[in-house]
Amino acid sequence: MADIVLDKVTKKYPDGTTAVHEVDLEIADGEFIILVGPSGCGKSTTLNMIAGLEDISSGELRIGGQRVNEKQPKDRDIAMVFQSYALYPNMTVGENMAFPLRLAKMDKALIKQKVDEAARVLELTEYLDRKPANLSGGQRQRVAMGRAIVRSPKAFLMDEPLSNLDAKLRVQMRTQVSRLQKQLNTTTVYVTHDQTEAMTLGDRVVVMRGGYIQQLGDPQTLYDNPVNLFVAGFIGSPSMNFLAATVEESVLRTPLGDLPLGDRMRSALSGADAPRELIVGIRPEHFEDAALIEEHQRAKGFEFTMPVDLVESMGSDKYVYFTVEGERAAAADLEDLTADAGGADLPPQDNLVTRLSAESRVRDGVDARVWMNLDKIHLFDPRNGHNITLHEGKAAGVSAA
Amino acid sequence: MAVATTSAKVKWGLLDAVVVVFALIPVLWIASLSFKTPATLTDGNFIPREWTFENYKLIFQTDQFVRALINSIGIALISTLIAVVLGTMAAYAISRLDFPGKQLLVGVSLLIAMFPQVSLVSPLFNIERNTGLFDTWPGLILPYITFALPLAIYTLSAFFKQIPWDLEKAAKMDGATQGEAFRKVIAPLAAPGVFTTAILVFIFCWNDFLFAISLTSTERSRTVPVALSFFTGASQFEDPTGAISAAAVVITIPIILFVLFFQKRIVAGLTSGAVKG
Amino acid sequence: MSVSSTTPASSAAADAEQQAIPKQRGRRKRVELSEGKKQERKLGWLLCAPAAIVMVAVTAYPILYSFWLSLQRYDLKFPDEREFVWFSNYVTVLTNGYWWTAFGVTMLITVVSVVVELVLGMGLAIIMHRTLVGRGLVRTSALIPYGIVTVVAAFSWRYAWTPGTGYLANLLAPDGAPLTERASALGIIILAEIWKTTPFMALLLMAGLALVPDDLLKAASMDGATWWQRFTKVMLPVMKPAILVALLFRTLDALRVFDNIYVLTNGANETSSVSMIAYNNLIKGLNLGIGSTMSVLIFLTVAIIAFVFVKLFGTAAPGSDEGKR
């Protein structure tokens, strides 16, 4: 077990593209850290550099306090789980798990003991003599995990280990991975493009884009206080709604109506260079059916009436969709998000998604009166995507871009 | 798309039959000739009226054929072995490693695959005469390896590319060196591809006529296809047709066996290698 | 339907773009290499060296040597008259009627056999790929012409058309000798070539056929496409790269035609190919100068044709997609 430190680690390709820009990251011993971002954000490259499967162009990588830039993967004593599982098809489950130990020239009896132990933990005992081809997806995934844990490495690296499973199994395995990591208490770096996995698994989450770290923090901080439009849009499902807005006198003009400027917003807009054109961000759960709002809350919010497009009843609550007329929110960050529809379920820009309580009586095609919580809205500067309502000090990470 | 109806089956069956007949007629014909007696040889009948094994006995009694058969087998086997070993090494490097000059190697082997072999005959003829390689086994093995290598490299690279790249990374993460990753993980997976390539290369060497006729002059290293064209029969005046046919059948047997037993592999080898380039 | 049929083509283009990037990777200057990278490089060179050395030593050096020989008067029957004559051998060959006849014969055989093979090969590929019954049998049979020794097949054809012996001898005309008439002899040579190499063409095309998704064909037939429309509008566009590769390989292969002619006619009645007359001048005539000149000319012809192919079809040519890891 060991800590992992990335000190200005950079990956530069010969054609001039830089996949990872001076990433600084300190991963504590036993910590479970998630690298998340859309495809091409540099998360896998970062992982591969930690693994030693890719060269580090500049900067330093230390594992357990020791510089390992020049060390080969086999000398770094870290295990990796691959998205494809990378099980050796010519070996049985048992042989697959024993492989790293055999390479380490471990005593035969000890190997057997360790493999049996790992198989027991992962409930693979009865499959030890099978070939990977005869296993289900979930079982293969467990064999891949087993091969990683048998040799008690300094750290685990996981490259989208659950992406090839179907949705239900993925949720099950997610819990198992989490439990296993707690049990073994081994430093783990986990790469995914799925923000749900990122939120649920990690002690801390690193959101990456274009080779830069956007924000680093625990899942709740990322959710509540995103530093920029990108993180705001990427984290959360369904994702945050974005609306174009302009500052007019003492109100914020939005397609939903003129929002009063509270103290929080006022102070955010007080700076000399504060923009007049803004993007308002608000999460779906910060809306509510106005009929269900208690009187004392009503004042904190803003109410508007709009025809309902569609109601999706989830049982526990209702997703209600509206169409927003008028100007769309536009910013480079948002385009990036839309371009990567796989990473974040960003709705079309003229779509407003709200999550109302199950008791709400709104119906398709009928006008609904909706309340939104003004305390929870974020204001973003469209020029650079920064969240200008973020309180000083709450910004756990700094946008490097 | 639709469920296989009887009429569709009949239609495909007929098409199959046409293909099978066309493919087999020349082979059956030469086999038929080889079983004909001298008296019925020129009756023009597709099926022999009188059957005999005389032609086979005859050719196995002549040194000319037996020597040629030994030469053919020996030269083809040695060339195959060397070409596959060298090809495996190169194909592994091409499909798995990153190093400068890789493109060049791929380009060169592609060029050689297209190379008109006759253009090499004149210089090789002269070079081999001067170096003493002319009319020896190595004199033929060398050009065979050269022209078999592109085939071997392409086919093997295609096979190697089907092996998931992650496996090698996984092996490295599991503590293997590059060499161990190759021996313990890649080689067992690559074995079927290597075997298929060996068959294709063997067929290529076994088939060659141009080099064999140009770079040999005696029974010392003449292969069967060349010996066939020099066959004169037991005596000057005897018609060699029966003997040639019998010899032709003998050298066709290994091909038929390969095709019968390894049809799937050969098809896979030829298609993957050629299309993925 | 036209929309769905363009999808694979555009994804192929995207592939080509992606592959352009790693190509440069091989030539990059690395400031600093880790132990692993250095080892990888060294291993790569080490593994490729033997194959590369053999291939270059047995082709590049001889072809240069061949060029050197072609500039000399060099007849092994008159070794004393060896003399450097610059390009006069080229003048001799290029003003010689036999050369041009052989050149014409070679081109004729190439063009006719490749065109016929493309059509037959496509048919055979479809049969091998889609037949409902006896797939193994039909594939096995089709491999026999591919595998069989060309000389053996040529003898079979020769005896089939030999008067008296053959079952086909009287097919064209009673008491005829088809192998001694130029037109029929050329026809038989082409036939023998087609029989021998159609399966190879078919296999290459079948690989392309396998790339056509079944769903695409289903979608097309749901859209109301006839069988022919499905073939031309859906299958052919997807198969285009495979077709071009097959054409390139077979064309260059057909240009080398030698074995069949040697056995069937031995070049009599003006049926020699360029390979035949180069061989005759060299091995039979022992004229190294003229033989080498022809070798160089054949090499140039093939090089030009290959170049034209690659230029015309660009990235579809094999080898251009190499370099990915």
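Author: In this model, 95 residues of chain C are in contact with 90 residues of chain B, where contact means that the C-beta atoms, placed from the backbone, lie within 7 Å. This is a predicted model, in which local features need pLDDT of at least 70, side-chain atom pairs count only at pLDDT 80 or more, and totals for chains, interfaces and linings use all residues. Residues are numbered from 1 along each chain as its sequence is written, while chains are lettered from A and ligands numbered from 1 in the order in which they are written.

Reader: Which helix of chain C gives the most to the side that touches chain B?

Author: Helix α2 (residues 35-70) of chain C does, with 21 residues; helices (H or I, at least four residues) and strands (E, at least two) are DSSP runs, numbered from the N terminus.

Reader: Switching to chain A, are the residues of strand β6 buried or exposed?

Author: A:I78 and A:M80 on one side of β6 (residues 78-81) and A:A79 and A:V81 on the other are all buried, that is, each has 20 or more other C-beta atoms within 10 Å of its own, whereas 12 or fewer counts as exposed and anything in between as partly exposed, with C-beta atoms placed from the backbone.

Reader: And which residue is the bridge partner of A:M80 in β7?

Author: That is A:L157, and 4 bridges join β6 to β7 (residues 155-159) of chain A, the two strands running parallel.

Reader: Where is the cis peptide bond?

Author: The cis bond joins A:S237 and A:P238, with omega about -5 degrees, and A:P238 lies in the loop between α8 (229-234) and β11 (241-248) of chain A.

Key
Two residues are in contact if their C-beta atoms, placed from the backbone, lie within 7 Å. Two strands pair if DSSP finds at least two bridges between them.
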